[in-house]
Structures are given as C-alpha cells and as structure tokens.
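The notes are grouped by topic.

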There are 2 protein chains.
Amino acid sequence: MTLSQLRYLIAVVDQGFNITQAAQSLHATQPGLSKQLKQLEQWLGFELFARRGKTLEGLSEPGALVVEQARQMLAAAERVRALRASYAQDQGGELRIATTATQARHVLPAAIAQLRRDWPSLRIQLTPAEDEAALAALEANACDVAIVSAAEPPSGLYALPLYHWERQALMDIDHPLAGVPQLGLSELSAHPLVSYTSALRPGASLEQAFGAAGLPLRVGMSVSDGDLIKTYVRAGIGIGILAPMALRPEDGDLAARSLQSVLPRMTTWFVLRPQQTLTRALTALLDHLAPHLDSWAVRQQLLGDPAAVAFKSKVPEWKPMRGLVHEPRD
Amino acid sequence: MTLSQLRYLIAVVDQGFNITQAAQSLHATQPGLSKQLKQLEQWLGFELFARRGKTLEGLSEPGALVVEQARQMLAAAERVRALRASYAQDQGGELRIATTATQARHVLPAAIAQLRRDWPSLRIQLTPAEDEAALAALEANACDVAIVSAAEPPSGLYALPLYHWERQALMDIDHPLAGVPQLGLSELSAHPLVSYTSALRPGASLEQAFGAAGLPLRVGMSVSDGDLIKTYVRAGIGIGILAPMALRPEDGDLAARSLQSVLPRMTTWFVLRPQQTLTRALTALLDHLAPHLDSWAVRQQLLGDPAAVAFKSKVPEWKPMRGLVHEPRD
DNA sequence: CGCGTTTACGTCGTTCGTAACGATA
DNA sequence: TATCGTTACGAACGACGTAAACGCG
C-alpha cells in the first residue's frame, strides 16, 4: 500500500469510476493507474470495485471502508504538505513581480494575501511600473513575472491571458454623456479625456482609434493610475478612460459606460520569458490569479511540449461592478 | 513523502531518537533509515530533528507537527491492514492445530477467539490428540502445528517454548497430604495416583522419578484430560497429578501443591517442521500465544538464518491460580 | 576506543510510459 | 465503431543492503 495508490483510488472514486478521466486529472497515464489499483487490490486480498465486465460500477463493501481510511490518510498528508510550504526555509523563496499600479492595487492583493498565508517565508517584491517598463524588467531578468494589459500579447515572450476587459468611460453620474443612447468616439471627442499616461501616448490604441475616425483627441490629463483618474473626473477635468478593475463600490457617484463598441478589447497578460522555469511561487501565484489555466500544462509548455493544453475553461471577462454600470434605456 | 518514511520517523521518535534501535525494531538497516529520513527532511524543506552534532536530541518545532499527522496516517493505514485481514477471501486460509485436550480447553480458546475476530474467513481445524499422536500428525503433514508439553523439546522438529509449568499434586482440601510441610515422592508413593494416560505410560518421567527413588508407583487411574482427573480426585480415587493450566477458579474445593522439587519442569512447545513456511495464520497464532517471541525472527530462522534471535523476553511460567495454591506454613 | 551517524556504491525491485490488444456499449 | 480497461514490454528511477569513513563521548 502506497500513498499514490490511495491517491489513485480516491481520484477514480471522485471522477465517477472512470479510470481514464482520473488519470488525466492526476497527470498520469491510464495503464499506470489501472495497474496500481490492481496491485492494491491484490495486496488487500479483496476487490475494491464492483465490476461489471471491465467497467467499474462502484465500490465493493470493503472497498468503501478502505476509501474512508484513505481519505483520512490523504487529508493528513495534505496537512503535511501545508507544513512543508509554511516552514520551508525556502531555497530562493523570492517572487519578483513587475506590474502596473492598477493591478497592484485592485487585482493582486487577494492573491498575494493568499500566497503569504500559504507561504509565510516567501519574500514578495512588487515593483510598480508601466507596461513597457515591466516587460523590459522581465527581459532583463529584473523580475520573475510581468503582469501587463494590452489588446495583443507582447511578442517574443510567453504570455498567458488572465482575463479580458473593456475600457470604461467614466463621468459624473449626471453628466450629459451618461444619458446618451449611443456613446461613440464623436461624443467623446467633444470632451477632454483623462487616462493613463501609457494609453494617451502617441501610437497607442486610443489615438489610433480617433485617428481612424478622423476625430481630434483632446487630452485633459494623463496620470499614472486609476485612482487619480477618478479624482480628476470628479474635479470636472474631463471624461475618464480607465480599466474596470479600478472601479470600486464607493464610486457610486460616477457613471461607467463600456467602450466595447469603439475600442478594442483589452487583455491582462501573465508574462514569462520563453523557457523560464516555473518556480513553486510562480505556480502558486498563477493558480490564484487564473483558475482557468492548468499550471501543470503551462509548465509542460515551457519545457517545450507544444501538445500540452493549458486551458481548463474560457478566459474570464472582468466586468465593472454592477451598481456602477450605467446603461441608458433605449 | 512515503508511508515507510513516516514509519521510520515514528519508530525513531518512539525508540528515543536512536536510529540504530529504530532500524532493529523495524527489521531494517540503519543506513537505510538514515537516508530515508534525510530524504524526507529534504522534501519537507526543514529539519525534523533537533540535532547536536550527529546525534538526535529531539524533534524540531515543525517536526512535532509532522509526527502528529504521521501518527494519524499510520493509524489509518493500520485500520486498512485490519480490513485486509478481515475481508481477504483467503488463499489457503486454513489452520490445522493438533494438541492435547488441556491446551484445547484451557489455553487456546482466548487465542483462537482473537484469531477468528481478526480473520473471520480463516478455517481453524483443532484436532485433539495425545502428545505423541500430535507430533506424528505434524510429521505426516496432517496438521500445521502441534502444541505439546514435555520436559525437553521433541527431537528432529523445530520447537518453540510457549511457557514453563510445574506439575501439580491435586487432592481434597482437607486431605492429610495438603498439610504436610514437605511433599515428596515418598508421601505420594503411599497413595494411588490419577493422571494423564501419557504421563503414566511406562518410561514417562513420572515412572522414572519413582524408579530412581526406589519407590513404588501406584496407579489409581489414567485418564485423557485434566477435567477427568479432577472428577476422580473428588471421588476419592487418589492424588491427581496434572498441569496447572487445567485448574480453574471453581476448583476451590481442591488443594494444588507444586511438585517442582520432585519432578522435572515441563514446557509447552509450539512445534513446527524444520523449514516449514510460517503462514500468516501461523504467525498470528504464535503472536497471540507467545508475546515473548519475535515471529519475524522465527520466520528468518525457519528460512535458515541461524543468527536471528527469536526471544524478545524470557519464556513465561504458568502458575496455578493463586487461590488454589496450597502452601503450608512452615 | 566504541558507539552511532553519515557517505559511497552496487544491485535489485518497482513504477511509469508507450504500444498493442480486448471487451463492451 | 468508438471508448474504456487490460496486458506486455522497456527504460529509468528509487530503495535497500554492504562496506567504509567520520564524529563524538
């Protein structure tokens, strides 16, 4: 009797007595499980499963008792694993993240808190930087991961999508634009805009969109983060263009309107160097930030396996908080 | 992390942080444990033990937490082992015992009850036989073990001592002999004796003792088991000579006096054929009957290893129940 | 100098993955 | 016929035992 045999057993039970599926969930091969389970049965001297032909129908009577004990053992093993993470005076226990102020303030806190809890000795270094600077830091090996937002993945690097989002136009709740049925570039063009420095830079997608429509882009102010955008929108400087992650429940005095129809959809990327090794800390961070990704497959891809499928489900969309979405009735 | 690593850890803790001793208790080698423990520590990322130089002084702080979980896991593993014994539709699950009526009635019931509880499917066949017949059955492979009593181990077979005992003279509690200070052969010689058929056979140790003392041996009756001896002693046929195992609390109307000074000490033997394989059932029976023996070492000896030491402690003495011992004050 | 631990090394057994086969709906 | 389980085989890893070196009392 080994712990892996018990793990196999539990996986098969939890996957509805489908050995193939259980093998996938454990990143093992189906014959491997099959053989180990048979070996366990032989050691026990009785059958674990009720079989009809070759298909498993359920547990045998003693099998259910074994499962009960196996769950206890694996639970204890899991507690040991937790100790391992907690008490490891970690070899290279450092995680250097370069990202924007918006991510640092509105997205990462939950994940990092979890990480710190699981792993108290891990030293986390969070460097605020604009998108380009973050990517440069990554390429210079000044950080382990860059988390940046862009419509397209950065070229020459290994980028994983964390979530999609649409840029939001932000204004006072009784601003005239809050009520117009269709909010397009022409309406925006009449007002000065307040947004991120990088978004208002010449050549950025905002300028391209206005240029393509033959409309002038009036810059009211360019700032470094979303909180400042909100501050200056409240001060009446102009219309804010910002990411929905920066919107908070306490921003109910403002109206946010999606620019989905006029500006390309943005994606926030978890960027690594090609062939970078996925450390435990990186894996944990990725698992917290992106439950839709299979970090094991990601590791395989980084090791050069193109067949590994990293997606467990669709990339999520980050929507602004419901109370803040201002959709005029039409 | 493997179950054996955890077993090693617990053994070291329970043996007072002496790896060598722990290895012995597990029938493993010391370097093996040492290495596995080191490997476990490496996997955990912290030290399990508080070390001073190379010697272990105790547990580290996280080590104590690991031990706690490890005990839970091993306890659950033990419960699975129990299931294994209980539910195994056992291959060749048969245990054939040949032994005397005294053993069958007074000694074996507890051990066999335990065996049946651990192992419901085991078919136990108990054949009552006199000592010689039991040994003959063993040699003929008509049984798996013979349990017989004799002063010396039977020759040509592999005999393990279960316990020592002294023959008891049995009489009515107000019989004249119950009070004499010294009970010797000459006193006994004046009365007819009631004992086992095999004990009164010509050439047996009883006859030899009387012969050596130049005294006549008067046989009152020879019977097949201890209960009949008691019956005929109560009927006034004569003095009983029997094994202390046959004495019961309800025999308070009789007096038992040890013949330790006049007759050689007897030993009850667990007899196997040389090179017989020790089945699981035999091992379990032996463990129940003889906690002073190391069944693992016995198995090794049977496999031809003369170095294996089978004794964990001294062979116990079977004394008659305290209330029945009649020791005249002198 | 002895006891106990660690290190080094060779061998054996076991596990796991790939591939082919078999059975079942 | 497609899906799922079993068997067969080969390679790689890991555990264990033997033997020798190291430290400490």
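This is a predicted model: local features need pLDDT of at least 70, side-chain atom pairs count only at pLDDT 80 or more; totals for chains, interfaces and linings use all residues.

Residues are numbered from 1 along each chain as its sequence is written, while chains are lettered from A and ligands numbered from 1 in the order in which they are written.

**Relation of the two chains**

- The same surface serves both copies, since 100% of the contact residues of chain A recur in chain B.

**Interface between chains A and B**

- The interface brings 22 residues of chain A into contact with 22 residues of chain B, where contact means that the C-beta atoms, placed from the backbone, lie within 7 Å.
- On the chain A side, helix α4 (residues 61–87) gives the most, with 13 residues; helices (H or I, at least four residues) and strands (E, at least two) are DSSP runs, numbered from the N terminus.
- By class, this side of chain A has 14 nonpolar, five polar and three charged residues. Ala, Val, Leu, Ile, Met, Phe, Trp, Tyr, Cys and Pro count as nonpolar, Asp, Glu, Lys and Arg as charged, and the others, Gly among them, as polar.

**Surface near DNA strand C**

- DNA strand C is surrounded by 22 residues, and the closest are A:T29, A:G32, A:G53, B:I19 and B:P31; a residue is near a strand if its C-beta atom, placed from the backbone, lies within 6 Å of it.
- At least two residues each come from α3 (30–44) of chain A and from α2 (19–25), α3 (30–44) and β2 (55–59) of chain B.
- The element that gives the most is α3(B), with five residues.
- The surface near DNA strand C divides into five nonpolar, 12 polar and five charged residues.

**Surface near DNA strand D**

- Around DNA strand D there are 21 residues, of which A:P31, A:S34, B:T29, B:G32 and B:G53 come nearest.
- Here α2 (19–25), α3 and β2 (55–59) of chain A, and α3 of chain B, each supply at least two residues.
- The largest share, five residues, comes from α3(A).
- The residues near DNA strand D comprise five nonpolar, 12 polar and four charged.

**Packing of α1(B) on α3(B)**

- Helix α1 (residues 3–14) of chain B packs on α3(B) at about 110 degrees, with the axes 9 Å apart. Axes are lines fitted to C-alpha atoms, for helices over the stretch in contact, and angles run from 0 to 180 degrees between N-to-C directions.
- This angle makes α1(B) roughly perpendicular to α3(B); angles under 35 degrees count as roughly parallel, over 145 as roughly antiparallel, 65 to 115 as roughly perpendicular and the rest as oblique.
- B:S4, B:Q5, B:Y8, B:L9 and B:V12 in α1(B) meet B:L33, B:Q36, B:L37 and B:L40 in α3(B).
- That contact has six nonpolar, three polar and no charged residues.

**Packing of α5(A) on α10(A)**

- The axes of helix α5 (residues 101–118) and helix α10 (residues 280–289), both of chain A, come within 9 Å and cross at roughly 135 degrees.
- A:A111, A:Q114, A:L115 and A:D118 in α5(A) meet A:A284, A:L285, A:H288 and A:L289 in α10(A).

Key:
Two residues are in contact if their C-beta atoms, placed from the backbone, lie within 7 Å.
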